[in-house]
Amino acid sequence: MLTLAEVEALARRAHAAQTDKAGRPYTEHLEAVAEGVRARGGDDEQIAAAWLHDAVEDDALSREWLDTAALTDRTKAVVLALTKRAGEPQEGYAERILATPGALLVKESDLAHNADPARLAALDPPTRERLTQKYATMRALLGLRPQP
């Protein structure tokens, strides 16, 4: 099995050229989500999934790579649960997350970082408003309290 340090290094390499909507290195988001999972009491499988939560969706790593990776079945399941599918309604995405053990905690950390006011402040007002609503809707679908 890959260690957490190996998963982190792999995720950093896979997303090295990617930036977020504000132009920041995307690996900052991955690190924040992984640390958020740790702070919320997540285990090593969830922390590994946090590092990889966008890898397949963003084509940083392939589904075939994930299928054969030296990761636990639970980590792989969480990554796949968090991988949005083209044209998928938010309700279906939320249902899959809720049905996958361990995925909700990772998504909660992802949403918390995405909705961080300091992070959102770097965006233009229309994008900030659209994303704020999107994240609030997903929190509601997942049964999470509104972001403070």
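The request and the answer to it follow.

Reader: Take arginine 119 and what surrounds it. Where is arginine 119 placed, and which residues is it in contact with? Is it buried or exposed?

Author: A caution comes before the details: this is a predicted model.

Start with the position. Arginine 119 sits in helix α8, which covers residues 117–120. Its relative accessible area is 18%. The cut-off for buried is under 20%, so arginine 119 counts as buried.

Now its contacts. Set aside the neighbours within four places in sequence. Arginine 119 is then in contact with Asp20, His29, His113 and Asn114.

Take aspartate 20 from that list. Aspartate 20 lies in the loop between α1 and α2. Helix α1 spans 4–14, and α2 spans 26–39. The side chains of aspartate 20 and arginine 119 are joined by a polar contact of 3.1 Å. Aspartate 20 is itself buried, because its relative accessible area is 13%. What else does aspartate 20 touch? Leaving out residues up to four places away in sequence, it touches Tyr26 as well as Arg119.

Aspartate 116 is placed between α7 and α8. A polar atom of the aspartate 116 side chain lies 2.7 Å from the backbone nitrogen of alanine 118. Aspartate 116 and threonine 132 are 16 residues apart along the chain. Their C-alpha atoms are separated by 9.5 Å.

Go on to helix α9, residues 125–141, where threonine 127 lies. Threonine 127 has a relative accessible area of 17%, so it is buried. Its side chain makes a polar contact of 2.9 Å with the side chain of aspartate 124. Now look along the sequence. Threonine 127 and lysine 21 are 106 residues apart in sequence. In space, C-alpha to C-alpha, they are 9.1 Å apart. Aspartate 20, the partner of arginine 119 in the polar contact, is in the loop between α1 and α2.

Now turn to α7, which spans 103–114. Leucine 104 lies in this helix. Leucine 104 is partly exposed, because its relative accessible area is 27%. Which residues does leucine 104 touch? Not counting residues up to four places away in sequence, they are Ile97, Leu98, Leu142 and Leu144. Leucine 104 can also be placed against glutamine 147. The two are 43 residues apart in sequence and 15 Å apart in space, C-alpha to C-alpha.

Helix α7 also takes part in the packing of α5. Helix α5 runs over residues 73–81. Its buried residues are Thr75, Lys76, Val78, Val79 and Ala81. They pack against α7, and against α3 (44–52), α4 (63–68) and α6 (90–99).

For contrast, look between α3 and α4. Aspartate 59 is found in that loop. At 68% relative accessibility, it counts as exposed, because the cut-off for exposed is over 50%. Its phi is near 60°, a positive value in a residue other than glycine.

Last, the whole chain. It has 9 helices and 0 strands. Buried residues make up 43% of its 148 residues. Take the contacts between residues at least 6 apart in sequence. Of these, 60% join residues at least 24 apart.

The overall dimensions come next. The C-alpha trace spans about 40 × 30 × 30 Å along its principal axes. The radius of gyration is 15 Å. A compact globule with 148 residues would have one near 15 Å, so the chain agrees with that expectation.

The accessible surface comes to about 7700 Å². Carbon and sulfur atoms account for 53% of it. The chain has 19 positive and 24 negative charges, and their mean positions are 3 Å apart.

Back to the start, then.

Note on methods:
Residues numbered from 1 in each chain as written. Predicted model: local features only at pLDDT ≥ 70, side-chain atom pairs only at ≥ 80, totals over all residues. Heavy atoms only, no water. Helix = DSSP H or I, 4+ residues; strand = E, 2+ residues; numbered from the N terminus. Rg over C-alpha atoms; globule rule 2.2 N^0.38 Å. Buried < 20%, exposed > 50% of the residue type's maximum accessible area, 1.4 Å probe, protein only. Contact = heavy atoms within 4.5 Å. Areas by Shrake-Rupley, 256 points an atom, 1.4 Å probe, with all protein chains shown as cover. Lys, Arg positive; Asp, Glu negative; His and termini not counted. Charge placed at Lys NZ, Arg CZ, Asp CG, Glu CD. Polar contact = N/O pair within 3.5 Å; in protein donor to acceptor, adjacent residues only side chain to side chain.
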